[in-house]
Amino acid sequence: MKVTLASLAKHNYWYEKEPNSTIDVICLLWNGMFIKLSNIRADLPLEKIKEDLWSQRGKHSKEPKENYVFVVVSNNHGTEELVDEKLSLFDVKPVKPYLKVTRKQGNEEIKKIKSKISMLIGHNISACNQEEVKEAQKNLSDMCNRISIERGKSSWYRRAIYTYPPDFEEDSKLPRFLEEKFPNKRIHISVSVLKNSSNVFDVEYSIKPLELIEKALRKRAQTLRVDYKDDPDQYMLKVLGSESYFLGNIVFENDQECYKEIPLIQYKYIREALYWDRRPSLIVMKREDMDICKLSSTNQDYPPALLPKNRQSKRNKFINLWDLSPKTMFKVKIKSALDLNSGKLWEKVQCGIFHGGDEVCETRSTSRIQGSSPVWNEFLNFDLPVCDIPRMARLCFCIVGYENKKKGQAVPLAWVNMPLFNYKGFLHTGSFRIYCWQHSKKSNRTAANLTFNPLGTVMNSNESGPCLAFELTEHDGKRPVVYPSEEDVYEKAANDITKGTQESDGENILLVKGGKQHKEQIEDIIKRDSLAPMFEQDKELLWRLRAECCLEYPESLPKLLQCVKWNNKEQVAQIHFLLQSWNCRTLEVEIALELLDYKFPDLKVRQRAVEVLNNISDNQLEMYLLHLVQALKYESYLDSPLARYLLKRALNNRRIGHYLFWHLKADVGNTEHSLQFGLLLELYCFGAVEHIDSLYKQVELMKKLKTVSSILIDIKEDKDKIDRMKDCFKGFSRFFQDLVSPLDPRYRLKQLRVEKCNMMSSKKKPFWLVFENFDDKADDIFIIFKSGDDLRQDMLTLLSLQLMDSVWKSAGLDYGIIPYRCLSTGPSIGLIQVVTNSKTIASIQSKSGVIRGALSASVLYNWLEANSTKVTNTDQVSPLTGEQKLELLTRNFTRSLVGYSVGMYVLGVGDRHNDNIMMKEDTGQLFHIDFGHFLGNFKTKFGIQRERAKFVLTSDMCYVIAKDGADDASSRFKSMCLEAFSCLRERGNLFITVFAMLLSSGLPELRRPTDIDYLRDSLALLKDEADAQKHFIEIFEEALNKGGWTTIQFLIHNIRHHRN
């Protein structure tokens, strides 16, 4: 049956409704009476509907309406109390506009919070009755409540730092460029007090905020000709236009908590402003005007968690897994299957046991029985002793059959996974009925490729999916089998070491050391990237020298773990024994990220990885947060070390909490992970109750933007679309004011400037939104709203550029990268930051004529020259001349061209036409936008490859480079590119790891480990340093030689898109 919009409308009451549509509302009173409210606007707030209802009831009841609440049937298959009466039925969108009126019961404040959390998440997690869910809710909620209570009772400074996390560099040493730029160590700063007129202060850059506040307050008193009586401690310094406060940090001295100020020059805003010759603009405001969170905790009443059982006292009630006989082999009884819909036919069931992505033993399959509901009653016997089953092993099923009754080739139809041990460590036994996930039709499904999905979720599909019935046999009678405790594991390891020492004539097997040649081999193995294969001789060497690796090569941990035979309990015991003494403090962050990949599911390993992450700063964590959220998908249980880590960090830093919320929210609609992500969202909200209202407003903003986008779909003419868009914005104006930007929580949006909003001309017709800044004297805030495009790939590319920028800056290099913000807030929907004062190269060229501009070598240089008057010159002893300003712009252009050329090449970003490359008017920086293709997925047209060079280097860019001061400018540019490339190559494994962590995200161009091979090739990780440099120089020369072809492509693009 063909699905049409009309048929959808029949099933969705709200499908064709608009906010100003009129609806009939049926109200069912508590006494059984019905009252119909006719022609009610869909966007009328519930409080107004209640007033209308009470006015119609008249003398029937004198009870106040405040004692009652509306209840609706929600789209989540349950009833929902509408506690927030500022919402409308159009906001809530129940199944039908039927309202049941009931008397309020229970704690209204708690119910309101729960209602808002349910709206934020999209469904009610508390309705889930699974034992693991309830215990995870209780245990994690206790942790979140403790953090919330401690935070509420802490000092004002600690709460301020939580609410407004300061942005400063940990290293107090100034970059060489800034030291040279300000040899007298003095800078000019503009400061206004309480929104009064500003004054410029000439101060030492090492001045601390409190001292500058005092100077500003004294200056104000002097200007007003009043006595100075202000207390500087009652004021705070912030950035104009941003909720970025110059707060310090909390340190402990003599076991006492102390607040420590940070010199002004360490703050990122100050350094960036000085770097790009902008005068820092600050505001002094009263502390009492800051919205600092106070004590708030809901004490969510989850049922008590089951207490951990004392294993020593209960040994007679269950059996230790490792005590089972090695002759007891694992087996599964496949019973039957049913409900394979859409005319598909089952043929057989494939079954395998996986640890991470590796098979633990050979897979098995049932006999072939065709039909829609086959019955097998067949045992699958595995060549695996039960006592050797890894703790984190997964039982994976793959349903093989035919797409239709005409048969043809057998293909995988569905898959499902389950952990062999439950979250308490007990081996699953008994009968099971599990619902499978349909295989995507886009996946490579052939008879020769009957693949499992061991990296997929361990959650069941919904009950509409095909169902598989099977049985796991019991062992040792009816006693449950439990995985050995930590103490049992260490005891076995110690016994094995003693036994091995006796068998080897007194030589301790953990003290075996290698010679010089072995050390060189170990170092060579460690240098390989995380996707490089491990050969058997390498595995044997590392495992034999495992103690030496632990003591002298802690960075070898990921490689050593790949040597472990996880279906061998002796080796598992020994690696756990080593892990307890492994020095993780010195490990780089990429090691921790790699250990959280799907290859390492072991709980102990992931716990050690989280311990490494405890050492990174909040700014570093922000860069890796998206990757860590995706790594949650590899967890087999809801209560995991990674989940606890993310909640703790989010509840101690609201900005981290903000982005954690949105990364989880963007993926909570994915049914495979909706329970896991929804639970974490709920727990975060209960631990940060004071953050809920802000997040609620942001979610409502995104809902309204999506609604407007859907309303405009059927309108043909752009002018009509824009007019209708603005009308909708005016109707939704209350949702577009006084809120925090989802894109960056440091910016407060006062209201939407509807008259300045527009619709962009690109295919998906994004909205160009202009918000008034909450600070009166600050510039407007520009945001692009996009619906219909998957922004996750843009997010990953921008985060990778941010990571590159961090790597370069740690090496003392700065290439002027502009990592503008991009946030995916849901499936094919999100926000993009507008980089102000910038133009695309296509528009710059077209101003000189569509054809002439594309072919002119001097067009970019002329544009920079015309914009040199916009360069501010704040802290120089003498004003810059026009020639010096132009020289500054060309230098900035060249430096940024280095960064983006190398970055785009390494990431393999495609579709680099001249509308996807921009330049800033006030600084001359070049930067790239729109990253819809990467990892070498370059576009073709009619079979012709449009992009023949690995990065863009055209004649007009080379013309600017040649004007950059020195006679050897072109050679210097080449050397700078080579230096930038070599710097990234040294940290190549970091980039491999961050991309590998997102294999589970479903990005169309990042689905398989082989997709990341492009990074290995672009960074020349398999070559030595000399060959790698030679390889890059060849790429550079190719880009230079093929610049003419790139120019022709720019010309064709201009003719197609900028003719008018």
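A: A search of the whole structure finds 63 salt bridges, a salt bridge being a side-chain nitrogen of Lys or Arg within 4 Å of a carboxyl oxygen of Asp or Glu. This is a predicted model, in which local features need pLDDT of at least 70 and side-chain atom pairs count only at pLDDT 80 or more, while totals for chains, interfaces and linings use all residues. Residues are numbered from 1 along each chain as its sequence is written, and side-chain values use heavy atoms, with hydrogens and water left out.

One of the pairs is R746 with D167, whose side chains meet at 2.7 Å, N to O. R746 lies in the loop between β24 (739-740) and β25 (748-752), and D167 in the loop between α6 (156-163) and α7 (176-181), so the pair ties together parts that are 579 residues apart in sequence. Helices (H or I, at least four residues) and strands (E, at least two) are DSSP runs, numbered from the N terminus. R746 and D167 are both buried, where buried means under 20% relative accessible area, exposed over 50%, and partly exposed in between (1.4 Å probe, protein chains only). The two residues also belong to a network of salt bridges that links D167, E622, R655, D744, R746 and R821.

In helix α22 (residues 689-711), E700 and K703 are 3 residues apart, about one turn of the helix, and they form a salt bridge with the closest N and O atoms 3.6 Å apart. E700 also pairs with K704, at 3.1 Å from N to O; these two are 4 residues apart in α22, again about one turn. An α-helix has 3.6 residues a turn, so residues three or four places apart point the same way. E700 has 4% relative accessibility and therefore counts as buried. K704, with a relative accessible area of 3%, is buried too, whereas K703, at 28%, counts as partly exposed.

A further case lies between domains. The chain is divided into domain 1 (5-105), domain 2 (165-289), domain 3 (321-482), domain 4 (484-587), domain 5 (713-788) and domain 6 (836-1059), with bounds that come from an automatic or database domain assignment. Between domain 3 and domain 4, 9 residues of domain 3 are in contact with 9 residues of domain 4, contact meaning heavy atoms within 4.5 Å. The area buried between these two domains is about 800 Å², and carbon and sulfur atoms give 68% of that area. Buried area is the accessible area (1.4 Å probe) that two parts lose on being put together, summed over both. On the domain 3 side, W322, H355 and D388 lose the most area to domain 4, together 71% of what that side buries. The rule finds 1 salt bridge across this interface. D388 forms a salt bridge with K569, the closest N and O atoms being 3.7 Å apart.
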